[in-house]
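This briefing walks through selected helices, loops and contacts of one protein model. Please keep the sequence and the structure in view while reading.

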Amino acid sequence: MERPSPGHNISLVTKHPHSRKLPNTFLNEKRNIRQDGSATFMNFLKHSIRLAHIRGHLTAFKAPSSKALSSYADPQDYDLVVIGAANYGKKVAVLDFVHPSTQGTVWGLGGTCVNVGCIPKKIMHQAALLGELLKDAQKYGWNVPEDRTFSWESLVLAVQNHVKSLNWGHRVQLHDKKVEYLNAKGSFLDPHTIKAVSNNGTERTLRAKNFVVAVGGRPRFPKEIPGAVEYGISSDDLFSLKESPGKTLVIGASCILKAYSTDTIVVSNKEKTTREAGNQMAGLVTDYMENHGTRFLKQCVPVRIDKGDNGLLHVTWKETVTGESHQEAFQTVLFAIGRDAETSELNLSQAGVEVHPQTKKIIGNNKEQTTVPHIYAIGDVLQDRPELTPVAIRAGKLLADRLFGDSNVTMDYDKVVCLREGDRCGLTYKTLSATVGIHPTCAEEVVKLHITKRSGEDPTVTGC
């Protein structure tokens, strides 16, 4: 994913004779990492050999003196500054800052994917699948109690322990690669200068020959709806909720909460629930969720959210076709209406970098160069490029190779396997249909890809 904060991080790179590569991770943190319980023990056990070499690594950063900075002979302090997250024979420092979410949620080192994106989502998804499997287990001979219960608190603790172990791992990687960590956010003063402001307000000016902007985005809130910002949560908050969300209204898309025995209702102003409303898969997903108890309020839009004395959120919504209004009480309102590029506080205009007038994403070419040749952008912040973490990782590695490794290989965005049109990585339907998979029950399904939707045949499997 993608994914960093309104807040962002900055990596500083200077020449260093002993390191060889750029770090592979994009980093994002506001706080020093502290861990409790079993996660602390396991991490200290796992990294005990390294602890002797990283004493003080988790303490707050002390800014280098002006004398230290003035020791550079080059008029540019750094070869590269990455706003968002970078070594290739370079000395690296990572400046990072995360603004709290609308509900005050903050997280640790590793960016959106690690903290509030792919990683915690996958764990919660696995927990949901296990819950569903328990229902089927008895039919396969397992003696599963009928009165089994679910603990949201235990799940969140497990999720956060795992995430914090990854935060710690990133810290160790930074130290092992001799990367200096600074807790600050940056904004441009001119095309070669940024101002870095730490959490305590301390300012520092940094100059560099090249910059990379990789700040990602944050969940969008409809500020025009009264109560949305004050009472609504987003994916920034979901994975660390102290209590079960209970009866939940999801505005904009579907969610996995139903698998945790919560009463889930999805509001959408479209007939389908995915971004591509005409997609057949959207209908299949919607039908499945409805059959398993999720209510869908289609072609509806929220009007306002009010909080009652009992703590419940009273949501008013309107049908877009009839104009009729409705109201219902919920324990949680989750917004999932998209993400916005986190560029508003970067002062990009001061550097001459152009952004898209609607999306506020950065405009770049096929080499990730912005309208200022020495300022680059990668990841979700780049206009007209596929989103999510794998794309950003690959683009970042290739850019580092070009900047410092004498490479000329660029990111081929046409080879991102996510669209059904055209030829992706040489994979076509003709190629796929001619492929034979021999692994029983899994790969053999490839051989059965001969029934098309157009044929009208029943695809139900009745034999091997």
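In this predicted model, helix 9 covers residues 280-291, and its 12 residues should span 16 Å at 1.5 Å a residue. The end C-alpha atoms of helix 9 are 17 Å apart, which agrees with that expectation.

**Helix 9 and what follows it**

- Which residues of helix 9 are buried? They are A282, G283, T286 and M289.
- Viewed down the axis of helix 9, these buried residues fall within an arc of 135°, so they line one face of the helix.
- Strand 11, residues 295-298, is included in what covers the buried residues of helix 9.
- Just after helix 9, G293 adopts a positive phi of about 105°.

**The pairing of helix 5 and helix 6**

- Two packed helices are described by the angle between their axes and the distance between the axes.
- For helix 5 (residues 118-137) and helix 6 (residues 152-176), the angle is about 145° and the axes lie 10 Å apart.
- The crossing of helix 5 and helix 6 is right-handed.
- On the side of helix 5, the residues that meet helix 6 are I119, P120, I123, M124 and A127.
- Their partners in helix 6 are W152, L155, V156, V159, H162, V163 and L166.

**Helix 11 and residue R402**

- The buried residues of helix 11 are T389, V391, A392, A395, G396, L398, L399, A400, R402 and F404.
- The side chains of R402 and E368 are joined by a polar contact of 2.8 Å.
- With residues up to four places away in sequence set aside, R402 touches K367, E368, S407, N408, V409, T410 and M411.
- Just after helix 11, D406 shows a positive phi of about 60°.

- Q383 is placed in the loop between strand 17 (375-377) and helix 11.
- Q383 has a relative accessible area of 12% and so counts as buried.
- With which side chain does the side chain of Q383 make a polar contact? The partner is the side chain of T359, at 2.6 Å.
- Apart from neighbours within four places in sequence, Q383 is in contact with H356, T359, K361, I362 and I363.

**G352 and K360, between helix 10 and strand 17**

- G352 is located in the loop between helix 10 (348-351) and strand 17, and K360 is found in the loop between helix 10 and strand 17 as well.
- G352 has 37% relative accessibility and therefore counts as partly exposed.
- G352 and P191 are 161 residues apart along the chain, yet their C-alpha atoms are separated by 6.8 Å.
- Leaving out residues up to four places away in sequence, G352 touches T371 and V372.
- K360 is likewise partly exposed, with 42% relative accessibility.
- Although K360 is not a glycine, its phi is positive, at about 65°.

- Q299 sits in the loop between strand 11 and strand 12 (300-307), and its relative accessible area of 29% makes it partly exposed.
- The phi of Q299 is near 55°, a positive value in a residue other than glycine.
- Q331 belongs to the loop between strand 14 (325-330) and strand 15 (332-335).
- With a relative accessible area of 46%, Q331 is partly exposed.
- Q331 and L313 are separated by 18 residues in sequence and by 6.0 Å in space, C-alpha to C-alpha.
- Not counting residues up to four places away in sequence, Q331 touches P245, G246, K247, L312 and L313.

Technical notes: Residues are numbered from 1 along each chain as its sequence is written. This is a predicted model: local features need pLDDT of at least 70, side-chain atom pairs count only at pLDDT 80 or more; totals for chains, interfaces and linings use all residues. Side-chain values use heavy atoms; hydrogens and water are left out. Buried means under 20% relative accessible area, exposed over 50%, partly exposed in between (1.4 Å probe, protein chains only). Helices (H or I, at least four residues) and strands (E, at least two) are DSSP runs, numbered from the N terminus. A polar contact is a pair of N or O atoms within 3.5 Å; within protein, one must be able to donate a hydrogen and the other to accept it, and residues adjacent in sequence count only if both atoms are side-chain atoms. Contact means heavy atoms within 4.5 Å. The expected span of a helix is 1.5 Å times one less than its number of residues. The arc is that of the directions from the helix axis to the C-beta atoms. Axes are lines fitted to C-alpha atoms, for helices over the stretch in contact, and angles run from 0 to 180 degrees between N-to-C directions. A crossing is left-handed if the near helix is turned anticlockwise from the far one by less than a right angle, and right-handed if clockwise.
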